[in-house]
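Reader: I have this one open on my screen and would like to talk through a few residues with you. Could you start wherever you like?

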Amino acid sequence: MTGYKEAMRKRQTISIATTLLLTVAVIVVFVLDATGVGLGHTSDFIHGMQAGMLTGFLAVAVLMTMRYTRACRDEAALKKLYIAETDERNRYIRDKIGGIGMNLTIALLAIVTIVTGYFDQTAFFTLMATTVGVALIKAALKLVFARKI
């Protein structure tokens, strides 16, 4: 369990760094929106989607930071998280629906969508539809395998 606790500390550090980075990104997006710098061709919808996606990423990063911090401070929470992560059924379902690779694909598509919104509206909408489609496919697969297995 000590090795797992060290892994939680590493995850906590990465999660805190990600939270700080995303906080800066959200502030930059809102400042750019308020000043109108470099956003002459970007529609309000695209800018709202960019701000919303970054805010959603920030919310997830804050929740993960809270989870890891709680696990590092409380042995019961650490044990509960360990059991949830090492549960064979959950691992099997996670592997069947694409595992970490699918999560990474969705995250990278979302990041590329945010950046593309500053350059081309058609590419933005195409990437946004792709991101939503991949996320919906993953959610549907998770529901199917959770009931089936």
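Predicted model: local features only at pLDDT ≥ 70, side-chain atom pairs only at ≥ 80, totals over all residues.

Reader: Where does Thr116 lie, and is it buried or exposed?

Author: Thr116 lies in helix α5, which covers residues 99-116. Its relative accessibility is 15%, and because buried means under 20%, Thr116 counts as buried.

Reader: And Phe119, is that one buried or exposed?

Author: Phe119 is exposed, because its relative accessible area is 65% and the cut-off for exposed is over 50%. Phe119 is found in the loop between α5 and α6, the latter being residues 121-148.

Reader: Which residues form a nonpolar patch on the surface with Phe119?

Author: The patch is formed by Leu104, Leu108, Ile111, Val115 and Phe119, and together they have about 510 Å² of accessible area.

Reader: Switching to the inside, how many residues does the largest nonpolar core have?

Author: That core has 14 residues, and the ones with the most contacts inside it are Leu22, Val29, Met53, Leu54 and Phe124. Two or more residues come from each of α1 (2-35), α2, α5 and α6, and α2 gives the most, with six residues.

Reader: What is Leu54 in contact with?

Author: Leaving aside neighbours within four places in sequence, Leu54 is in contact with Leu22, Ala25, Val26, Val29 and Ile114.

Reader: What separates the C-alpha atoms of Ile114 and Thr18?

Author: The C-alpha atoms of Ile114 and Thr18 are separated by 17 Å, and the two residues are 96 residues apart along the chain.

Reader: Last one, His47: what does its side chain reach?

Author: The side chain of His47 reaches the backbone oxygen of Val29, at 3.5 Å. His47 is found in helix α2, residues 44-73, and at 7% relative accessibility His47 counts as buried. Val29, for its part, is one of the residues with the most contacts inside the largest nonpolar core.

Notes. Residues numbered from 1 in each chain as written. Heavy atoms only, no water. Helix = DSSP H or I, 4+ residues; strand = E, 2+ residues; numbered from the N terminus. Buried < 20%, exposed > 50% of the residue type's maximum accessible area, 1.4 Å probe, protein only. Polar contact = N/O pair within 3.5 Å; in protein donor to acceptor, adjacent residues only side chain to side chain. Patch = residues over 30% accessible without salt bridge, like charges linked within 9 Å, V, L, I, M, F, W, Y side chains within 5 Å. Areas by Shrake-Rupley, 256 points an atom, 1.4 Å probe, with all protein chains shown as cover. Salt bridge = Lys/Arg side-chain N within 4 Å of Asp/Glu carboxyl O. Core = buried A, V, L, I, M, F, W, Y, C linked by side-chain atoms within 4.5 Å. Contact = heavy atoms within 4.5 Å.
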